[in-house]
Structures are given as structure tokens and as C-alpha cells.
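Thanks for coming. I will go through one model today, helix by helix, with a few loop residues along the way. Please have a look at the sequence and the structure first.

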Amino acid sequence: MKISRQEALIQIITETNVETQEELQKLLREKGFNTTQATISRDIKELKIEKISYNGNRHKYAVRVASNNNENNESYKHILGNGITSIDYANNIIVVKTVSGMAMAAAAAIDNLDIKGIMGCIAGDDTIFLAIKDSNLAEEIIGEIKNVAKYAY
């Protein structure tokens, strides 16, 4: 339940400009998660979600973009470790399958890892396509993603 709720929380803040915990609570309730403000507050802290500025003086929740790789890795382990269901490649395309609704959050995490050889990524609802510079790098890139996620296939 907790993992599903946190995945829904990440999906909501990735797709919607959420400014308050009350608004987040309402949106989670619409997705079937009847939770307290205290639980949401703990989830926000655990997932390292922060408020960022947008449209001048407005603020919204966002997945934290940390300033160094160790902090990035810690922030993204949860998203990648709990969001990825499989990862494979064909030539110079890596295909990452995720839990439904988690592809955008996982793609943002992968983008922020700054892995050499990834040219870019496209995310849908549960699938990410990573375009890589050279097909010889595919296994190495997959290894780096797995290492950060600590995800055992």
C-alpha cells in the first residue's frame, strides 16, 4: 500500500502543479488512497520531494534534483527500485518497463543521473525508450541504472 501510494504521489506531482498537501491529499483520494496529511508529509520527506517556484511567485511540489551524484543516487533509488519492472535493449534503444504511471518519474531520475552514452529518453505511462549513442554501451548503461536502483532482475 505504501509503495503504491508513493508511486501515485510521484505521478501526481510529475503531471500536475500541486501547491499544497491538502490538494495532494484530495488528488490521492481520487486515485483511491484515503490518507492523512501526516502520512503525506512523511512520504514527502522520505521521497525527498521539495517545493519549487513556478509562474513567478507560485510554488509546487517536485521530485528533488540534488546537487551531487551521491545525493541524486539516494533520491532516485526509491523511484527506480520500486518503479522499474524490466529493462532490456535492442541495438541502440534501451526499453525500460515500469509500474503503470511511473515512467515519467523514472525517466526524470534516469535523466538526472547523467549516464554517459544516453542521448535522451521518451516516457509514456509505463514504458521508457532510451536512445543511446552506441549499441556497445547498452549493457554498461543498463548496469549503471540497475546499480543505482539496486534492482535485481
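Before going on, the provenance. This is a predicted model, in which local features need pLDDT of at least 70 and side-chain atom pairs count only at pLDDT 80 or more, while totals for chains, interfaces and linings use all residues. Residues are numbered from 1 along each chain as its sequence is written, and side-chain values use heavy atoms, with hydrogens and water left out.

Back to Q11, which sits in helix α1, residues 2-15. Helices here are DSSP runs of H or I with at least four residues, strands are runs of E with at least two, and both are numbered from the N terminus. Setting aside residues up to four places away in sequence, Q11 touches K31, G101 and D125. Contact means heavy atoms within 4.5 Å.

Next, a helix pair. Two packed helices are described by the angle between their axes and the distance between the axes. Helix α2, residues 21-30, packs on helix α3, residues 37-46, at an angle of about 100 degrees, and their axes are 10 Å apart. That makes α2 roughly perpendicular to α3. On the scale used, angles under 35 degrees count as roughly parallel, over 145 as roughly antiparallel, 65 to 115 as roughly perpendicular and the rest as oblique. The axes are lines fitted to C-alpha atoms, for helices over the stretch in contact, and the angles run from 0 to 180 degrees between N-to-C directions.

Which residues make the contact? From α2 they are Q21, L24, Q25 and L28, and from α3 they are Q37, I40, S41 and I44. By type, the residues of this contact divide into four nonpolar, four polar and no charged. Nonpolar here covers Ala, Val, Leu, Ile, Met, Phe, Trp, Tyr, Cys and Pro; charged covers Asp, Glu, Lys and Arg; the others, Gly among them, are polar.

Staying with α3, its buried residues are T39, I40, D43 and I44. They lie on the same side of α3, because they cover an arc of only 140 degrees around the axis. The arc is taken over the directions from the helix axis to the C-beta atoms. K45 has 70% relative accessibility, so K45 counts as exposed. Between K45 and T16 there are 29 residues in sequence and 19 Å in space, C-alpha to C-alpha.

What is the phi of K48? It is positive, about 60 degrees, although K48 is not a glycine. As background, most residues other than glycine have a negative phi. K48 counts as partly exposed, at 28% relative accessibility.

N91 has a positive phi too, of about 55 degrees, and is not a glycine either. N91 is found in the loop between β3, residues 84-90, and β4, residues 93-98. At a relative accessible area of 60%, N91 is exposed.

Now the loop between α5, residues 103-112, and β5, residues 118-123, where G117 lies. G117 is buried, with a relative accessible area of 17%. Neighbours within four places aside, G117 is in contact with A131, I132, K133, L137 and I141. K116 is found in the loop between α5 and β5 as well, and counts as exposed at 74% relative accessibility.

Last, helix α6, residues 138-149. The 12 residues of α6 reach 16 Å from first C-alpha to last, close to the 16 Å expected at 1.5 Å a residue. That expected span is 1.5 Å times one less than the number of residues. Buried in α6 are A138, I141, I142, I145, V148 and A149. Their arc around the axis is only 125 degrees, which puts them on the same side of α6. On the other side, E139, E140 and N147 are exposed. Just after α6, K150 takes a positive phi of about 50 degrees.

Conventions:
Buried means under 20% relative accessible area, exposed over 50%, partly exposed in between (1.4 Å probe, protein chains only).
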